[in-house]
Amino acid sequence: MAVNYDALMLGSNVPLTDKVTIYVPTIKELVEEQDEKFNLYQRIFVISVRELFSGMPEEVDKIEDSFPTLWEMAFDKEMGQQVGSNMFQEGCSLLQLIMEGVSFWTRIPVKEFQILVQSKKIISQEFDWVIDRNEFDQFCEYIKFLTLYKENEDLIAPKGISSKPHQCKVWMALYKGRIHKLRRQPSSTLGDKILILETEAPSFIPFSEIQKMSYYQFINLYNSYEIKEANDREYLLFISPKFDTKDMKLNDWRSSVSLIKKES
């Protein structure tokens with residue numbers, strides 16, 4: 001089904017089929033359900049196998065060839081259990097986390113799903129829904145745009161690196177340094193973003209209204225204020241007598257603001 005982005009910006013959810021809808025949680029719900037839970041059920045659908053295993057450059061190409069996505073990995077009993085427990089949540093398999101994540105985003109109880117291991121499918125007879133690799137890929141794309149997820153290319157190992165031992169050593173030095181730098185940077189929680197939005201907004205937005213916003217509404221508004229703030233800084237530079245700006249072109253920030261949409 002096509003996404004009605006105007007309706008989504010006004011607080012609607014995203015219909016997948018006639019019976020299945022991706023529920024976009026409100027800010028209040030995310031806070032009550034804990035930000036960590038939301039992050040887990042976002043990450044399971046947005047991170048690639050290559051990104052997940054880039055800290056193992058000697059193995060990443062082989063792993064990606066064997067398991068192009070987390071979907072194939074989830075149906076491998078040994079790999080699915082190991083990766084789910086070690087890289088996402090202790091004691092959980094990838095398949096379990098995917099079902100819990102689908103339940104989180106659709107509000108369909110986990111008990112309504114049935115796993116077909118041989119055919120690598122998850123089905124719900126009640127909701128007439130079959131999740132195979134293609135449906136999983138589509139679902140992941142929806143979660144990416146609903147949460148404004150972007151890959152950090154600095155943390156993704158180059159293709160073909162596994163067969164080049166010297167490049168593996170160089171990459172690991174870079175990778176560890178970048179991870180260390182990221183860990184030292186202050187993390188931005190949902191509460192931080194709410195406070196930033198309150199501070200940046202030209203007029204006060206009551207906290208009672210923010211908590212009613214859907215996450216899609218909030219993140220679009222937050223993203224728009226970031227664009228406007230960058231434009232304001234550019235304008236101050238443009239009018240400053242300290243810099244030669246005769247060849248500088250100043251664009252209207254409104255031309256850069258648009259609704260976050262799913263990649264076609």
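**Close-up 1. The largest nonpolar core of this predicted model has 72 residues.** A nonpolar core is a set of buried Ala, Val, Leu, Ile, Met, Phe, Trp, Tyr and Cys residues joined through side-chain atoms within 4.5 Å. Buried means under 20% relative accessible area, exposed over 50%, and partly exposed in between (1.4 Å probe, protein chains only). Phe45, Met73 and Phe88 have the most contacts inside this core. Helix H8 (residues 94-106) gives the most to the core, with eight residues; helices (H or I, at least four residues) and strands (E, at least two) are DSSP runs, numbered from the N terminus.

Close-up 2. Trp171 is buried, with a relative accessible area of 6%. Leaving aside neighbours within four places in sequence, its contacts (heavy atoms within 4.5 Å) include Ser54, Pro57, Ile161 and Arg178. The C-alpha atoms of Trp171 and Gly55 are separated by 8.8 Å, although these residues are 116 residues apart along the chain.

**Close-up 3. Strand S4 (residues 121-124) pairs in the antiparallel sense with S3 (residues 114-116) over three bridges.** Two strands pair if DSSP finds at least two bridges between them. Here Gln114 has Ile123 in S4 as its bridge partner. Four residues lie between the strands of this hairpin, where Lys120 takes a positive phi near 55°.

**Close-up 4. S4 also pairs in the antiparallel sense with strand S5 (residues 129-131), over three bridges.** Look for Ser124 opposite Trp129 in S5. In the turn of this hairpin, Asp128 has a positive phi of about 50°.

**Notes.** Residues are numbered from 1 along each chain as its sequence is written, and side-chain values use heavy atoms, with hydrogens and water left out. In this predicted model, local features need pLDDT of at least 70 and side-chain atom pairs count only at pLDDT 80 or more, while totals for chains, interfaces and linings use all residues.
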